[in-house]
Structure formats: structure tokens, C-alpha cells
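Hi everyone, thanks for coming. Let me put the sequence and the model up, and then we can walk through it together.

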Amino acid sequence: MADTSVRIDTSTRDRLKALAAARGQSLAAYLDDLSKQEEHQAQLARATAAFNRVLDEPGIFEAFDEAFGGVPESSADSHSATRRAA
């Protein structure tokens with residue numbers, strides 16, 4: 001993989017280098033890990049949004065109950081409270 005340069009101010013570079021050093025990494029390795037973590041967080045956010053859209057579908061709990069024998073009471077209570085708060 002070819003290297004490239006990115007222009008950032010020196011205070012940002014210094015903070016990133018310090019964070020990398022604290023993890024025992026080079027700046028390049030730290031930025032690579034950081035980018036992977038950010039991609040993962042974006043994927044989780046998309047998955048969470050899709051999951052919440054499904055939960056908002058009318059009849060989804062009844063369909064779940066029919067297919068899987070019901071949601072345990074503690075989960076059902078938790079979901080109801082969460083949906084009311086949202």
C-alpha cells in the first residue's frame with residue numbers, strides 16, 4: 001500500500017501522536033485503527049436504525065410471538081419503556 005500525506009495543524013498532529021504513543025502504536029497504525037473503528041461505529045448506527053425501523057412496524061411483536069413463542073417479560077417491559085422514551 002502506498003503512503004500519502006495529509007495536512008493538519010501541528011497541535012492536532014501532536015495530540016494524535018500522543019494518543020498513538022499511549023497505545024504503543026505508530027501514528028499511521030493508530031490512524032488505521034481509528035478509521036476502522038469509525039467505520040464500525042457507522043455500520044452499527046446503520047444497523048441500529050434499521051432495527052428500530054423494524055420495531056416500529058405494526059404487528060412485529062405479534063409476529064415474533066407467533067414465530068418464537070413470545071418475548072420474555074423483562075424484555076417486553078424494557079422495550080415498551082424504551083419505545084415510549086424515544
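Arginine 23 counts as partly exposed because its relative accessibility is 44%; buried would mean under 20% relative accessible area, exposed over 50%, and partly exposed is in between, with a 1.4 Å probe and protein chains only. You'll find arginine 23 in the loop between helix 1 and helix 2. Which residues does arginine 23 touch, not counting residues up to four places away in sequence? They are Tyr30, Asp33 and Gln37, where contact means heavy atoms within 4.5 Å.

A word on what you're looking at: this is a predicted model, where local features need pLDDT of at least 70, side-chain atom pairs count only at pLDDT 80 or more, and totals for chains, interfaces and linings use all residues. Residues are numbered from 1 along each chain as its sequence is written, and side-chain values use heavy atoms, with hydrogens and water left out.

Now, the fold. The protein chain has four helices and zero strands, giving the pattern α-α-α-α along the sequence. Helices here are DSSP runs of H or I with at least four residues, strands are runs of E with at least two, and both are numbered from the N terminus. Of the 86 residues in the protein chain, 6% are buried. The accessible surface is about 7200 Å², and 56% of that belongs to carbon and sulfur atoms; these areas come from the Shrake-Rupley method with a 1.4 Å probe.

Let's go to the helices on either side of that loop. Helix 1, residues 10-22, and helix 2, residues 27-55, have axes that come within 9 Å and cross at roughly 90 degrees. The axes are lines fitted to C-alpha atoms over the stretch in contact, with angles from 0 to 180 degrees between N-to-C directions. The two helices are therefore roughly perpendicular, a label covering 65 to 115 degrees. On the helix 1 side we have Arg13, Leu16, Lys17, Leu19 and Ala20, meeting Leu27, Tyr30 and Leu31 of helix 2. That contact divides into six nonpolar, no polar and two charged residues.

Last stop, the aromatics. There is one aromatic pair in the structure: phenylalanine 64 with phenylalanine 68, tilted, at 5.0 Å centre to centre and 40 degrees between the planes. Rings pair if their centres lie within 6.5 Å; planes under 30 degrees apart are stacked, over 60 edge-to-face, and the rest tilted. Both residues sit in helix 3, residues 60-68, and because they are four residues apart, about one helical turn separates them. Phenylalanine 64 is partly exposed at 35%, while phenylalanine 68 counts as exposed at 63%.

How values were computed: Parallel < 35°, antiparallel > 145°, perpendicular 65-115°, else oblique. Nonpolar A, V, L, I, M, F, W, Y, C, P; charged D, E, K, R; others polar. Phe/Tyr/Trp six-rings, centres within 6.5 Å; stacked < 30°, edge-to-face > 60°.
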